[in-house]
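Here are my notes after a pass through the model, point by point. Have it open beside you as you read.

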Amino acid sequence: MAPTSFRILKTLAISAVASLAVMACGGGGGGGNGGLASDQTLNFPILGDFGTLDPAVADAETDSEIQQNFQDGLVRFDNDLNIVPDLATAVPTPSSDGMTYTFNLRHDATFSNGDKFTSKDVLYSWNRAAAYQGSYATNLSAIAGYDTVAKNKKAGAELETLLEKNDPSVTLTGLTAPDPYTVQVKLSQPAGWFLTAIALQGTTGWIVDQNAVKQNPDNWWSNPATAIGTGPFKMVSYTPKQSVEFDAVDNWWGSPKPTLKKVKIDISVTNASTAITKYEQGGYDIVGYGGYSNLPVADILRIKNTSSESAQLLLHPKVRSYWVSFNMVHDASRQAGGPFLLSGGDKAKNLRLAFALAVDKNALVQTVCQSIVCTAATGGLIPPTLIGHLDSTDPLSAFDAAKAKQLLQANGGASAVSGLKYAYDPENPLNVASAQFLQAQWQQNLGVHVDLLPVAHSPFIKARLKGDYVLSRDGWQADYNHPQDWFDNIWGSKVGCPDSGCTTGYTTKAYDDLLAKADAEPVDQAKADYAKLNQMLIDDVVYIPLFYSVGAFLIKPYVKGAGSNSFSDNLWNGISIQSH
Amino acid sequence: MFTRGTLIYIGQRLVLIVLAVLGVSSLVFLGIHRLPGDALFSEHLHGDQYQQTLHHYGLDRPLWVQYVNFLAGMIHGNLGESLVNRGVPITPIVLREMSVSAEIGLVALIFTVGIGMTFGVVAAIRQNTWMDYVLSTTSVIGYSMPNFVIATFLILVFGIWLDNFTQGTFYFQIGWPGRYGSIGAIWLPAFALGFPYASIVARLTRASMLEVIRQDYIRTARAKGLREAVIMVRHGLRNALIPVITILGPLVIGIITGGVVIENIFGIPGLGKEFANSILNRDYNIVIGVFTGYAALVGLANLGVDLLYVVIDPRIRY
């Protein structure tokens with residue numbers, strides 16, 4: 001090589017090494033312990049942007065996890081899932097006939113823009129939410145006049161105009177305000193679940209500021225100038241799909257007063273493993289917040305086995321259950337048919353039971369979740385910690401391969417269940433692993449081959465609720481701590497079974513009658529009836545229980561007060577950053 | 001350098017790009033609306049409430065009416081609103097994400113050309129020496145490995161091992177500070193994105209240089225006593241670049257589409273991270289916006305590459 005060429009190469013090599021050294025330079029942390037840090041900023045990612053922060057239409061876990069920190073309801077859940085006062089001064093006791101609730105409101109509550117909170121805001125927020133007919137509008141369905149308001153077709157500015165002039169088409173007749181700090185709610189029929197439903201954070205029972213909403217009726221929540229709530233934090237910047245920031249509200253009316261000054265939420269990272277790596281580098285203080293506690297099993301295992309990090313891992317049972325549903329009705333609207341129909345009597349029921357008993361649920365959670373991110377569903381479909389979880393072991397959760405085989409043989413053998421397909425949505429890795437496990441179990445323990453049918457989530461849900469699948473992945477995430485949330489929304493004619501919004505098609509007169517009775521009772525009385533409803537499902541072998549989910553969080557040791565209950569993240573106003 | 005003919009050519013190409021973008025977005029519009037499922041239907045939203053929400057977004061209208069509305073919006077630069085991020089206008093999101101993808105794509109292209117040509121030239125000059133073997137082997141490795149494997153490996157080395165080894169003093173910090181990435185944030189993803197293509201450029205440059213440096217005019221230049229660096233750069237490399245420029249077009253498309261994976265792995269808020277999610281979520285307008293953005297990026301990048309011919313080879317005129 002000529003000397004000049006060598007010099008060029010040498011220069012290139014030195015430049016490359018120098019550039020790498022400069023560019024690889026990152027920040028590191030250090031310092032002592034004890035006391036509050038001077039910088040009270042909390043950083044965490046959410047792995048997908050929230051859909052909306054408007055309580056009238058919000059329907060995703062991420063939405064409500066954010067909303068619960070800058071909006072309020074009249075009542076809310078505490079960390080033990082008790083209903084506690086929020087903007088109301090006390091949790092109201094219903095009238096003796098269970099038809100009237102009177103809420104006394106706090107006099108000191110204000111919105112973050114300084115507007116006073118009064119009963120007018122409750123009427124506006126609830127009428128608006130009922131008129132919008134979002135996913136959780138039915139949380140207000142017990143209020144007299146709901147059926148009329150539910151027919152409203154107007155939205156946006158047109159709806160605002162109707163609300164402004166208290167148009168009867170968008171006014172719940174059962175909702176009145178005798179004075180600025182009292183709200184009276186008259187129900188159309190007793191509903192023991194009413195208070196629980198309006199406590200659900202970030203949904204239709206929560207309060208918005210009319211002055212802010214009317215400035216941009218469709219999109220007020222995405223602009224810091226109009227994203228106004230009564231909560232301890234206020235939005236100060238939002239770049240969709242990139243980041244959102246909240247600041248603590250000065251002199252907030254409630255308690256505990258926020259210690260954090262700022263909350264920065266990164267929306268740009270959508271991959272959980274990437275978020276975990278950034279957390280390990282010190283880029284985040286928490287991972288798993290905002291409804292993203294379903295972290296990859298491999299990462300959790302690795303962290304669990306890393307001595308310096310294992311103490312930062314928090315595993316907490318969550319309120320999602322997974323099970324297998326059968327198609328149980330065949331009619332003009334449900335064409336899937338299959339061997340598991342209610343009309344098939346005992347033979348079909350025994351086949352359903354054979355399929356249930358053939359699955360080893362303990363092996364399932366070991367294989368699918370490494371016994372970390374889920375636990376076997378042995379107490380009915382409602383997870384532990386929630387009202388309605390069975391005291392006794394669910395017989396459908398048993399594993400008895402011999403009995404399963406015997407039931408199959410006695411009821412037509414493998415030929416009676418030939419050509420079956422198990423439909424599932426593969427976006428969730430747990431669904432894929434479960435499907436493969438179930439296929440192997442049915443093959444091994446029953447000698448029945450079941451084909452797997454992966455379908456993208458959106459069309460899967462649509463087809464499943466139409467009753468298009470004979471066997472399908474099913475599940476439910478509790479909205480609030482009341483069995484009504486489960487028994488009203490999954491089975492029975494109330495949700496639309498057999499022909500609409502119903503995976504199994506399961507409905508019987510006995511189920512519907514008992515459900516109506518239970519729904520009308522105060523929750524303490526209703527528990528026994530809901531337990532009977534669960535027993536009906538067990539007796540009719542309506543489902544194969546699989547597992548309850550477990551949430552995983554990574555929390556830096558210097559973040560105090562962060563964590564989760566089985567529903568939601570701990571509130572930001574209970575969190576502080578310690579010196580580190 | 002840019003004659004009147006060149007400017008006319010650029011104008012024509014820009015018109016074609018606009019037409020191509022319109023065509024792509026129309027095809028995607030029809031395709032995505034034909035996919036089963038939608039963004040709104042859920043376990044909580046079905047029946048009458050679902051119908052009402054469809055009505056709110058105009059999704060209960062005949063497809064041709066929706067298409068006409070979409071075209072009218074497109075012409076005015078309005079891609080509509082997201083269905084998942086309810087009511088959020090899409091055009092600013094797509095433009096922002098497009099600029100982020102363009103930024104990382106451009107840096108990756110610089111890596112591709114810079115590393116590829118350096119490797120190729122050095123390997124050719126030092127043909128059949130250990131340096132040639134090392135660089136050629138590196139190129140084969142780069143060419144053989146998918147970019148997501150390279151990305152994961154680089155994160156492991158620079159993000160985790162280096163962090164542990166230096167006790168948190170030196171490491172690559174994953175993330176994207178602000179709207180555009182800093183040099184510290186962009187170099188590793190850009191390298192991961194560009195390295196496989198750099199390997200192709202290296203192999204092509206080596207072959208091209210080997211052919212050029214055996215030409216008579218190179219021998220003549222040496223006989224005239226020109227410095228070796230001048231011979232290699234001015235007479236050798238410039239002529240060797242023509243075939244390299246020819247494949248830059250396809251490489252640019254590869255780099256832009258390769259960003260889908262790299263952006264997701266490195267947490268970069270570009271178009272790539274929208275790609276799969278928006279389709280899975282059936283967020284119609286975002287899907288159309290993402291494809292429209294990619295079509296525009298590919299069109300503009302190809303135009304840029306074609307204009308490079310004029311710079312490199314004075315014989316080429318438009």
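Two residues are taken to be in contact if their C-beta atoms, placed from the backbone, lie within 7 Å. Bear in mind throughout that this is a predicted model.

1. **V359(A) and its surroundings.** Using that cut-off, and skipping neighbours within four places in sequence, V359(A) is in contact with L364(A), F399(A), L438(A), Q441(A) and I544(A). The residue sits in the loop between α10 (345–357) and α11 (361–369) of chain A. Is it buried or exposed? V359(A) has 26 other C-beta atoms within 10 Å, so it counts as buried. As for K556(A), it is 197 residues away from V359(A) in sequence, and the two C-alpha atoms are 39 Å apart.

2. **The cores.** The largest nonpolar core has 173 residues, and those touching the most other members are A130(A), F194(A), I286(A), V287(A), A354(A), I544(A) and F547(A). Strand β16 (residues 543–555) of chain A gives the most to this core, with ten residues. There is also a second, separate core of 88 residues, which includes F191(B), V244(B), I256(B) and I288(B). As background, nonpolar side chains tend to be buried together in soluble globular proteins.

3. Most residues other than glycine have a negative phi, and most peptide bonds are trans. Against that background, have a look at L81(A), a non-glycine residue whose phi is positive, near 70°. L81(A) is in the loop between β2 (75–77) and β3 (83–85) of chain A, and it counts as buried because it has 20 C-beta neighbours inside 10 Å. Then there are cis peptide bonds to check. One runs from S255(A) to P256(A), with omega near 0°, and P256(A) lies in the loop between β8 (243–248) and β9 (262–266) of chain A. Another runs from C497(A) to P498(A), with omega near 10°; P498(A) belongs to the loop between α15 (484–487) and α16 (509–520) of chain A.

4. **Chain B overall.** This chain has eleven helices and zero strands. Its C-alpha atoms fill a box of roughly 85 × 60 × 30 Å along the principal axes. Of the 318 residues in chain B, 45% are buried. Among its contacts between residues at least 6 apart in sequence, 75% join residues at least 24 apart.

5. **α4(B) against α7(B).** The axes of α4(B) and helix α7 (residues 183–212) of chain B come within 5 Å and cross at roughly 35°. The crossing is right-handed. By class, this contact has 25 nonpolar, six polar and one charged residues.

6. **α10(B), a mostly covered helix.** How many of the nine residues of α10(B) are buried? Seven are: G272(B), K273(B), E274(B), F275(B), N277(B), S278(B) and I279(B). They pack against α4 (91–125), α9 and α11 (284–312) of chain B. With α9 (residues 228–266) of chain B, the axes of the two helices come within 6 Å and cross at roughly 95°, so α9(B) and α10(B) are roughly perpendicular to each other. On the α9(B) side, G259(B), V260(B), I262(B), E263(B) and N264(B) take part, meeting G272(B), K273(B) and F275(B) of α10(B). By class, that contact comes to three nonpolar, three polar and two charged residues.

7. Just after α10(B), R282(B) takes a positive phi of about 55°, although it is not a glycine. R282(B) is in the loop between α10 and α11 of chain B, and is buried because 23 other C-beta atoms lie within 10 Å. R34(B), in helix α1 (residues 4–34) of chain B, counts as exposed because it has 8 C-beta neighbours inside 10 Å.

8. **Where the chains meet.** The contact takes 51 residues from chain A and 54 residues from chain B. On the side of chain A that touches chain B, the elements giving two or more residues are α1 (3–23), α8 (272–280) and α14 (457–466) of chain A. By class, that side has 18 nonpolar, 25 polar and eight charged residues.

Terms used: Residues numbered from 1 in each chain as written. Chains lettered and ligands numbered in written order. Predicted model: local features only at pLDDT ≥ 70, side-chain atom pairs only at ≥ 80, totals over all residues. Axes fitted to C-alpha atoms, helices over the stretch in contact; angles between N-to-C directions. Helix = DSSP H or I, 4+ residues; strand = E, 2+ residues; numbered from the N terminus. Parallel < 35°, antiparallel > 145°, perpendicular 65-115°, else oblique. Nonpolar A, V, L, I, M, F, W, Y, C, P; charged D, E, K, R; others polar. Buried ≥ 20, exposed ≤ 12 C-beta atoms within 10 Å, placed from the backbone. Core = buried A, V, L, I, M, F, W, Y, C linked by C-beta atoms within 7 Å. Left-handed = near helix turned anticlockwise from the far one by under 90°.
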